[in-house]
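Here's a quick briefing to read with the model open in your viewer.

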Amino acid sequence: MIPSEELAQLAALYDRFANHLDPLTSEWKRCKQEYHEALGDLHQRFGVGIAYEEFRREAQRACFLRLRAQDKPTTPPPKA
């Protein structure tokens with residue numbers, strides 16, 4: 001649905017907004033706005049014929065899965 005390179009950029013925007021430490025700051029609002037603008041742009045280019053909410057859900061899920069796959073521990077956990 002979304003090319004890998006574009007998904008990587010969207011995932012970075014999603015990470016900055018979704019995992020921001022203080023969602024009441026202007027920085028968080030700016031990050032959220034950037035994410036939603038990028039999502040809207042991608043929907044116009046790659047989501048023709050798909051409802052925006054469905055596209056948003058799937059794109060957000062893809063972002064989450066991409067970020068989760070990249071979140072590897074730096075050291076192995078201690079053995080029990």
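Which residues does L10 touch, not counting those up to four places away in sequence? Keeping in mind that this is a predicted model, the list for L10 runs I2, Y35, A38, L39, L42, A59 and C63.

**How α1 packs on α2**
- Helix α1 covers residues 4-18 and helix α2 covers residues 26-46; their axes come within 8 Å and cross at roughly 155 degrees.
- With angles over 145 degrees counting as roughly antiparallel, that crossing makes α1 roughly antiparallel to α2.
- The crossing of α1 past α2 is left-handed.
- On the α1 side, the contact uses E6, L10, L13, Y14, R16 and F17; the α2 residues they meet include W28, Y35, L39, L42 and F46.
- Sort the residues of this α1–α2 contact by type and you get eleven nonpolar, one polar and six charged.

**The nonpolar core**
- The largest nonpolar core holds 16 residues, and I2, L10 and Y35 have the most contacts inside it.
- At least two residues of this core come from each of α1, α2 and α3 (52-70).

**A look at F55**
- F55 sits in helix α3 and is buried, at 0% relative accessible area.
- Setting aside neighbours within four places in sequence, F55 is in contact with M1, I2, L39, L42, H43, F46, G47 and I50.
- F55 and I2 are 53 residues apart along the chain, with 10.0 Å between their C-alpha atoms.

How values were computed
Residues are numbered from 1 along each chain as its sequence is written. This is a predicted model: local features need pLDDT of at least 70, side-chain atom pairs count only at pLDDT 80 or more; totals for chains, interfaces and linings use all residues. Side-chain values use heavy atoms; hydrogens and water are left out. Axes are lines fitted to C-alpha atoms, for helices over the stretch in contact, and angles run from 0 to 180 degrees between N-to-C directions. Helices (H or I, at least four residues) and strands (E, at least two) are DSSP runs, numbered from the N terminus. Angles under 35 degrees count as roughly parallel, over 145 as roughly antiparallel, 65 to 115 as roughly perpendicular and the rest as oblique. A crossing is left-handed if the near helix is turned anticlockwise from the far one by less than a right angle, and right-handed if clockwise. Contact means heavy atoms within 4.5 Å. Ala, Val, Leu, Ile, Met, Phe, Trp, Tyr, Cys and Pro count as nonpolar, Asp, Glu, Lys and Arg as charged, and the others, Gly among them, as polar. A nonpolar core is a set of buried Ala, Val, Leu, Ile, Met, Phe, Trp, Tyr and Cys residues joined through side-chain atoms within 4.5 Å. Buried means under 20% relative accessible area, exposed over 50%, partly exposed in between (1.4 Å probe, protein chains only).
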